[in-house]
Amino acid sequence: MSFYSLGLNSDILRSVLEHNYSFHTPIQRQAIPLILAKRDLMASAQIGIGKRPFLLT
């Protein structure tokens, strides 16, 4: 499953692709739809699996 399938804003999608992220991680797959729906989210995941890029985007 790619980032294209998540319905991201074109600016965010361009940034994701510019940073060479081609597939999302499990935490991203679960969190992004909630974030796009403007829902509150608290999540945890092990270190090094791709949380920070979406905190900064």
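**Figure 1. Contacts of Tyr4 in the predicted model.** In this predicted model, Tyr4 touches Leu13 and Leu17, with residues up to four places away in sequence not counted; a contact requires heavy atoms within 4.5 Å. Tyr4 lies in the segment before α1, where helices (H or I, at least four residues) and strands (E, at least two) are DSSP runs numbered from the N terminus. Between Tyr4 and Leu17 the C-alpha to C-alpha separation is 9.8 Å, at a sequence distance of 13 residues. Tyr4 counts as exposed at 57% relative accessibility; the classes are buried (under 20% relative accessible area), exposed (over 50%) and partly exposed (in between), for a 1.4 Å probe and protein chains only.

**Figure 2. The salt bridge of Asp11 and Arg14.** The structure holds one salt bridge, defined as a side-chain nitrogen of Lys or Arg within 4 Å of a carboxyl oxygen of Asp or Glu. Asp11 pairs with Arg14, and the closest N and O atoms are 2.4 Å apart. Side chains of opposite charge can pair when their charged atoms come close. Because Asp11 and Arg14 are three residues apart in helix α1 (residues 10-18), about one helical turn separates them. Asp11 is partly exposed, its relative accessible area being 46%, and Arg14 is also partly exposed, with 44%.

**Figure 3. A nonpolar surface patch at Leu34, Ile35 and Leu41.** Leu34, Ile35 and Leu41 make a nonpolar surface patch of about 230 Å². Patches consist of residues with over 30% relative accessible area and no salt bridge; like charges are joined within 9 Å, and nonpolar side chains (Val, Leu, Ile, Met, Phe, Trp, Tyr) within 5 Å. Leu34 belongs to helix α2 (residues 26-36) and is partly exposed, at a relative accessible area of 31%.

**Figure 4. The chain as a whole.** Three helices and zero strands are present in the chain, giving the pattern α-α-α along the sequence. Of the 57 residues in the chain, 21% are buried. Among contacts between residues at least 6 apart in sequence, 38% join residues at least 24 apart. The accessible surface of the chain comes to about 4,600 Å², with 55% belonging to carbon and sulfur atoms; areas come from the Shrake-Rupley method with a 1.4 Å probe, and for residues only the protein chains shown count as cover.

**Notes to all figures.** Residues are numbered from 1 along each chain as its sequence is written, and side-chain values use heavy atoms, leaving out hydrogens and water. As the model is predicted, local features need pLDDT of at least 70 and side-chain atom pairs count only at pLDDT 80 or more, whereas totals for chains, interfaces and linings use all residues.
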